[in-house]
Amino acid sequence: MLKAGIEYILGLKIQNNTLKIEPCIESSWEEYSINYKYGTSIYNIKVKNPNGKNTRRRKIYSKWK
């Protein structure tokens with residue numbers, strides 16, 4: 001259940017060593033943050049939603065090093 005919330009609501013997925021953030025959140029959520037541990041590193045991620053969107057229209061990709 002926790003994995004489903006992280007991957008499908010907060011939109012945080014790692015595929016082929018690439019971090020993808022594709023949130024599907026309530027339009028009333030102005031922002032959310034998550035501390036994510038990957039390997040020996042901890043990433044502090046903050047996603048802002050100033051336009052009140054609730055779809056996965058914007059995607060963010062980042063390669064892990």
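1. Start with the hairpin of β3 and β4: two residues sit between the strands, and Gly39 there takes a positive phi near 65°. Strands here are DSSP runs of E, at least two residues, numbered from the N terminus. Keep in mind that this is a predicted model, where local features need pLDDT of at least 70, side-chain atom pairs count only at pLDDT 80 or more, and totals for chains, interfaces and linings use all residues. Residues are numbered from 1 along each chain as its sequence is written, and side-chain values use heavy atoms, with hydrogens and water left out.

2. Now look along the two strands. β3 (residues 31-38) and β4 (residues 41-48) run antiparallel, joined by eight bridges; strands pair if DSSP finds at least two bridges between them. Tyr38 stands opposite Ser41 in β4.

3. Which residues make up the largest nonpolar core? Its nine are Leu10, Leu12, Leu19, Ile21, Ile25, Tyr32, Ile34, Ile45 and Val47. β2 (18-21), β3 and β4 each give two or more residues to this core. A nonpolar core is a set of buried Ala, Val, Leu, Ile, Met, Phe, Trp, Tyr and Cys residues joined through side-chain atoms within 4.5 Å.

4. Leaving aside neighbours within four places in sequence, Leu10 is in contact (heavy atoms within 4.5 Å) with residues including Ile21, Trp29, Tyr32 and Ile34.

5. Finally, the rings. Trp29 and Tyr32 form an edge-to-face aromatic pair, 6.2 Å centre to centre with 70° between the planes. Rings of Phe, Tyr and Trp (its six-membered ring) pair if their centres lie within 6.5 Å; planes under 30 degrees apart count as stacked, over 60 as edge-to-face and the rest as tilted. Tyr32 is buried at 9% relative accessible area, while Trp29 is partly exposed at 33%; buried means under 20%, exposed over 50%, partly exposed in between (1.4 Å probe, protein chains only).

Definitions and conventions
Helix = DSSP H or I, 4+ residues; strand = E, 2+ residues; numbered from the N terminus.
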